[in-house]
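Let's take a friendly walk through a protein structure together. Have the sequence and the 3D view ready, and follow along one stop at a time.

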Amino acid sequence: MSSARWIRFVLKPAVFAGSLGPLGVLVFCAVTGGLGANPIEAITHGTGDWTLRFLLLSLAITPLRTLTGWNLLVRFRRMLGLFAFFYASLHLLTYVWLDKFFSWREIARDIPRRPFITMGFLAFVVLVPLAATSTAGMIRRMGGRAWQRLHRLVYLSAIAGVVHYWWLVKADVSRPRVYAMALTVLLGSRLFVAYRKAGGVTSPVRPRASTSATR
Amino acid sequence: MLIRPATEIPSSEITDERVYVRRREFLQACGLAAVGLAASPIAVNAQAAARPRKLENVAKGPFGTTEALTPYENVATYNNFYEFGTDKSSPAMTAGSLKSRPWTVKVDGECNRPADYDIDDFIKPHSLEERVYRMRCVEGWSMVIPWAGIPLCNVLERFEPTSRAKFVEFTTLRDTRQMPGQRSSVLDWPYVEGLRLDEAMHPLTILAVGLYGSVLPNQNGAPLRLVVPWKYGFKGIKSIVRIRFVDHQPVGAWERQNSREYGFYSNVNPQVDHPRWSQASERRLGEFFKRKTLMFNGYGDQVAGMYAGMDLRKNF
């Protein structure tokens, strides 16, 4: 099999199926009573966690590619990003349906008044245009440069998402801190690359990374 | 002070706990069968067998509710007990390291009979009562729990508090070997809670030593915990080693951690939101729809008088 066919018919379906795994586990546990005493809380936390994980995974593609030179990684970025949006939608739906029971008045009051909900809502809203413009046709229509500029909004969404998590925990920030550190590394690597590109660093620490970064 | 006991709960209203255990069994069997796996009654039996021994001579107490009880396995597996980790499921898994016997409760402060009591001597003079109470967590969920315990007022009277005693301060065990969660500095250990003396002497307030007719599981605060049903759950301090009569208002562990969010009174109040979330409604575990949170968790008839004239928004 050619490598293009290998990616298209084996790797991509495998990543797709794997990305549905967390949802499968949630559904299985929900059906078998395995979500514990507060199933709705477990669903809320589960979908929220996986939104952040997929956001971070999609943000890890570019730095990983730079480090390893595996350009095929970029072929999976859109799928991971769309799965982040998928889990974010489920997370929002859980809130709108199972927490607020479609009481739009209450939701409208919650969003501006509860800072952690404001942040979560912002993180989601920012993802909407990105998901809508994720097709090859949209990239063509918008032009690569404009498309790329728009899709930098994912940084804002990820930051808002992590802040959302940090602000909602009662006292133990150890888990949001892990996400915050991962995000710092991922965004920091971009700043580093941009800084070096601008000529800020005269002697690159990683010669190999520097050559691939200019590609 | 006028205290009206709520109507007795008819025993016909309480679902037999064995039915709850079987319900779980039934659900598990369904779920497992659905995915083509063999049902595992062994696992369920193991869980049932893990229940601590039965308590004897638990008399029905006043202030019952006719609401459905939260199943035992939920009460015993969904716990906020940061001494054993901050996940709700951690305490049930890790609280085995707590040794609830031998156990000493120190009574001191503004009273005539301070002493160190062995836990069994501490409890022995009192008869155990079953109290079916709602429990409303500050996080927005609630349970209905059949506690077995003793009215705190009966206990406190034994120690003869002096006229200088205005508050009662309770302290949890501090021992990082028995309570591994204390290695993390998520709260300023040991856990401390306090009540005004009249709140402590209120007939609704109990020291629980059991639930569902059995000895209190470690994860629920063995061997001795406070239950104050009109306050948010975190006021119900667990695994108590010290009771101190004081003349000043104690600072609880959560209040110390964040006094803007957790006040001394922490009475259940649907009108006063937590700074980060609404307290107007709650999720009763086991129910799909949320229910409205009641003022003083539905115990207003009994306790509202204690707060007459107080600004509950300020004294949250």
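A residue is called buried when its relative accessible area is under 20%, exposed when that area is over 50%, and partly exposed in between (1.4 Å probe, protein chains only). What you see is a predicted model, in which local features need pLDDT of at least 70 and side-chain atom pairs count only at pLDDT 80 or more, while totals for chains, interfaces and linings use all residues. Residues are numbered from 1 along each chain as its sequence is written, chains are lettered from A and ligands numbered from 1 in the order in which they are written, and side-chain values use heavy atoms, with hydrogens and water left out.

Let's start with charges. Side chains of opposite charge can pair when their charged atoms come close. Such a pair is a salt bridge: a side-chain nitrogen of Lys or Arg within 4 Å of a carboxyl oxygen of Asp or Glu. Over all chains, the whole structure holds 31 salt bridges. In one of them, Asp110(A) meets Arg114(A) at 3.4 Å, N to O, and both Asp110(A) and Arg114(A) are buried. Another joins Glu106(A) to Lys100(A), with the closest N and O atoms 3.4 Å apart. Here Lys100(A) is buried, at 10% relative accessible area, whereas Glu106(A) is partly exposed, at 29%.

Where does α1(A) have a kink? The kink, of about 35°, lies at Gly21(A), shortly before the proline Pro22(A); the bend at a residue is the angle between axes fitted to the seven residues ending there and the seven starting there. Among the buried residues of α1(A) are Ile7(A), Pro22(A) and Leu26(A). After the helix comes Gly33(A), with a positive phi near 75°.

Finally, look inside. In soluble globular proteins, nonpolar side chains tend to be buried together. A nonpolar core is a set of buried Ala, Val, Leu, Ile, Met, Phe, Trp, Tyr and Cys residues joined through side-chain atoms within 4.5 Å. The largest one has 87 residues, and Phe122(B) and Leu207(B) have the most contacts inside it. Strand β5 of chain B, residues 141-151, gives this core its largest share, seven residues. Another core, of 27 residues, lies apart from it and includes Leu56(A) and Tyr87(A).

Methods. Helices (H or I, at least four residues) and strands (E, at least two) are DSSP runs, numbered from the N terminus.
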